[in-house]
Amino acid sequence: MNIQWYPGHMTKAKRAMKEDIKLIDLIIELVDARVPLSSRNPDIDDLGAGKARMVLLNKSDLADERLNGAWTEYFEALGCHVVKVNSKSGSGLKQINHVVQIACKEKIERDRRRGILNRPVRAMVVGIPNVGKSTFINSFAGKACAKTGNKPGVTKGNQWIRLNKSLELLDTPGILWPRFEDQQVGIKLALIGSINDEILNKDELAMELIRFLVKHYPNVLKERYGIETEEPFHILEEVARARSCLAKGGELDLIKASNLLIDDFRNGKLGRMTMEFPSKE
Ligand code: GDP
């Protein structure tokens with residue numbers, strides 16, 4: 001993964017998205033449930049003004065269940081319809097069709113008043129890289145889907161995936177650009193594995209993770225590695241000892257320990273965790 005966003009790139013992506021949004025009724029925005037703010041770009045609020053909005057808390061299997069609830073309320077308060085999903089296993093996806101109908105009630109009623117019956121809702125999936133857009137489209141659309149424009153004689157252009165008689169998806173997801181102005185955003189996206197690790201040294205990244213764990217999930221380090229201390233550097237050393245990360249001369253290999261700790265976090269081995277909170281703590 002190597003995400004390079006520069007101003008020209010963003011302007012181009014924004015322009016393309018503006019055009020695509022004209023074609024749709026509903027924006028299905030994926031966020032990573034572990035970092036629901038850092039994994040979204042609020043520019044979508046302007047771009048999607050006037051459209052029905054749905055937020056999927058994806059990778060909810062890796063996030064803290066209590067906070068999944070709190071984030072659901074947060075996005076609902078912003079006027080979005082929220083579904084908690086795990087696109088990899090498919091859990092939560094069944095609810096989506098029903099929620100789409102609720103989110104697009106106005107459009108459906110407007111069509112009905114104009115005598116248009118059964119025109120499918122057209123939706124587009126958007127999100128920053130690695131949030132799970134392709135996984136979601138594949139599992140949601142499943143194998144049964146047909147690309148409506150994918151027939152001989154059909155003009156090239158946007159391809160729609162017909163999911164059922166009341167829903168069509170634009171087949172290419174809209175890629176939103178991450179916000180890098182705030183360094184914390186970069187750190188969190190690097191920790192969940194969504195951007196190039198090189199923006200920070202692995203040991204610095206591990207120290208950030210340790211500080212977060214000490215503050216919000218203090219028991220985890222004790223349970224998994226038997227660590228009692230609260231001092232971040234000592235914790236890293238203890239992880240190295242507990243996992244036998246030793247360099248040639250027998251000294252502790254802290255880079256290896258950093259990588260192990262970060263991988264454990266990314267793979268959910270430290271338990272389900274959320275790094276952001278709806279209200280400031
Ligand atoms: P995209 O860049 O937004 O299209 O993201 P991808 O669909 O390529 O997914 C990025 C990574 O996240 C892949 O390794 C997926 O297997 C993983 N992934 C996607 N959704 C989920 C989910 O709900 N739970 C978990 N645990 N992993 C997921």
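How far is an oxygen atom of the ligand from an N or O atom in the side chain of Lys 133? The distance is 2.7 Å.

## Basis

This is a predicted model: local features need pLDDT of at least 70, side-chain atom pairs count only at pLDDT 80 or more, and totals for chains, interfaces and linings use all residues. Residues are numbered from 1 along each chain as its sequence is written, and side-chain values use heavy atoms, without hydrogens and water.

## Ligand contacts

A polar backbone atom of Gly 132 is 3.0 Å from a ligand oxygen. For Val 131, the corresponding distance is 3.3 Å. Polar contacts here are pairs of N or O atoms within 3.5 Å.

The protein covers 74% of the 580 Å² of accessible area that the ligand has on its own (Shrake-Rupley method, 1.4 Å probe).

## Shell

The ligand is surrounded by 15 residues (a heavy atom within 4 Å). Asp 61, Asn 130, Lys 133, Ser 134 and Thr 135 are the closest. By class, four are nonpolar, seven polar and four charged; Gly counts as polar, and Asp, Glu, Lys and Arg as charged.

Helix H6 spans residues 133-141 and gives the most to this shell, three residues (helices are DSSP runs of H or I, at least four residues).

## Domains

An automatic or database assignment sets the bounds. Domain 1 covers 7-175 and domain 2 covers 201-266. Their C-alpha centres lie 38 Å apart.

Methods:
Polar contact = N/O pair within 3.5 Å; in protein donor to acceptor, adjacent residues only side chain to side chain. Helix = DSSP H or I, 4+ residues; strand = E, 2+ residues; numbered from the N terminus.
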